[in-house]
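Please examine the sequence and the structure shown here.

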Amino acid sequence: FGPNRLPEKKINPILQFLSFMWNPLSWVMEAAAIVAIGLSNGQGQPPDWQDFVGIVLLLLGNSCIGYYEERGAGKAVEALMAALAPQCTVKRDGKWETMEAANLVPGDIISIGIGDVVPADSRMVVANNIKIDQAALTGESLPVGKDIGDEVFSGSTVKQGEAEAMVIGTGLNTFFGRAASLVAGANEGMGHLQQVLAKIGNFCIFSIATFLIAEIFVMYPGFKYRYRRGMNNLLVLLIGGIPIAMPTVLSVTLAIGAKQLAEHKAIVTRISAIEELAGVTILCSDKTGTLTLNELTIKIDSIKQYSDISADDILLFSAYASRVENQDAIDKSVVESLRDVSMARHGIEVLDFVPFNPVDKRTQVTYRRLSDNTVHRASKGMSQIIQELCTRDMTPEIEAQLHADVDVFAQRGLRALAVAEESVPSGTVDGEGTGFRLIGLLPIFDPPRHDTKETIERAIDLGV
């Protein structure tokens, strides 16, 4: 199956160096150099070696700058990839051992625990209350619970629990590998700067060739110039018509830009990418943890009520429907919003708890109230899901109010978490309830980072 890593393209350094001399602008310069040394001679005068040396030095200088910058960037990427080479715990010959993830093959049994990066696409064999953060791959903002038989993707992170899994895909045959190969394919072809230089070069070739032909006919048949005198004039036109220092000036400018970016820990793989980056007009950014602190808090003063239950009790019901251990970000924010976190389990006995999953999009708790020994259920989750769950006291007016409140929260940058409750007259865990009733809507606030406002303002000032 090959090593469990993405294939690296090795570029021949000589070909990479010569590639900087292979473009329309360089072709015109090379033609001028050949004319200066090969055709401008005879009649007792030496070849025009001064122009030849000058052009060759400019060509070499341009290639050296471009080659040095791109090789340096390539080494930085290689060093980064080497530092990221993950280790994994694998069962070989009945013994657990630690080895490089690159040596994994399909069929290996791996062990993953909290904080580990999943080294290859695998299927769960043993799962102990495990949750996987696969936001970077699928965009889901919350960790996803996994059971035996479920698939976990290479590159995702274990946020809770531990598990053993059988490797089913490595290298390019993983979810991550297929995505990476698509990205690599999108990077092929000419960059914008090369396209602009190619257009300038093609214009120079066409216009200079047109005037050279005209000049040859005017000088030799028309004015009967001697060969060397006419050749010197042709060389003036040839060299004068080329923006001969332009590639060098561009390379130096971009190299300085690459050096400045490197000081900000940016890795520039192609120096022409700097010019492309300068043309960005729209920048799409992830919000959570990038523009915000990823520290969720409940705005207690903005809780919406849809029944006679007070805001404090709505918060209490939502805390009942939250984990107090191994919490995800939302459960943590709800429980910590209580005046005392112990209230989340004070006076109740939890009979059954259903954690959040991306299908149901809600949590649910069945509990016994110790004060009167009655059984109740509470649920919190996505507003639309909770609305569909509620069958008691739900009127078109309340539905309309719920949608309006969610929209108002969204305009303020708040996430909405709906809360519902019901009683279970039979007093059994799986007994039929009286029907869920919508009681409240919690606004969840993820505060922006301290530099977000300045970052956005600077981006707008730069034309983004």
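Predicted model: local features only at pLDDT ≥ 70, side-chain atom pairs only at ≥ 80, totals over all residues.

Residues are numbered from 1 along each chain as its sequence is written, and side-chain values use heavy atoms, with hydrogens and water left out.

The secondary structure of the protein chain comprises 14 helices and 14 strands; helices (H or I, at least four residues) and strands (E, at least two) are DSSP runs, numbered from the N terminus. Along the principal axes, the C-alpha atoms of the protein chain fill a box of roughly 120 × 60 × 35 Å. The radius of gyration of the protein chain is 34 Å, whereas a compact globule of 464 residues would have one near 23 Å. That radius is taken over C-alpha atoms, and the globule rule is 2.2 Å times the number of residues to the power 0.38. Of the 464 residues, 35% count as buried, where buried means under 20% relative accessible area, exposed over 50%, and partly exposed in between (1.4 Å probe, protein chains only). Among contacts (heavy atoms within 4.5 Å) between residues at least 6 apart in sequence, 63% join residues at least 24 apart.

Two packed helices are described by the angle between their axes and the distance between the axes. Axes are lines fitted to C-alpha atoms, for helices over the stretch in contact, and angles run from 0 to 180 degrees between N-to-C directions. Helix α2 (residues 24-39) packs against helix α7 (residues 227-240) at an angle of about 160°, with the axes 10 Å apart. The helices α2 and α7 are therefore roughly antiparallel to each other; angles under 35 degrees count as roughly parallel, over 145 as roughly antiparallel, 65 to 115 as roughly perpendicular and the rest as oblique. On the α2 side, A31, A32, V35, A36 and L39 meet Y227, M231, L235, L238 and I239 of α7. By class, this contact of α2 with α7 has ten nonpolar, no polar and no charged residues. Here Ala, Val, Leu, Ile, Met, Phe, Trp, Tyr, Cys and Pro count as nonpolar, Asp, Glu, Lys and Arg as charged, and the others, Gly among them, as polar.

Helix α2 also meets helix α6 (residues 192-222), the axes coming within 7 Å and crossing at roughly 40°. That angle makes α2 oblique to α6. From α2, P24, L25, W27 and V28 take part, and their partners in α6 include L197, G201, N202 and I208. The residues of the contact of α2 with α6 divide into ten nonpolar, two polar and no charged.

In the loop between α2 and α3 (49-84) lies Q43, which counts as partly exposed at 39% relative accessibility. Beyond four places in sequence, Q43 touches R226, Y227, R228 and R229. Between Q43 and R229, 186 residues apart in sequence, the C-alpha to C-alpha separation is 9.5 Å.

Outside its sequence neighbours up to four places away, S383 touches L402, V406, A418 and L441.

Finally, V429 lies in the loop between β13 (415-424) and β14 (437-445) and counts as partly exposed at 37% relative accessibility. Leaving out residues up to four places away in sequence, V429 touches L351, D352, T366 and R377.
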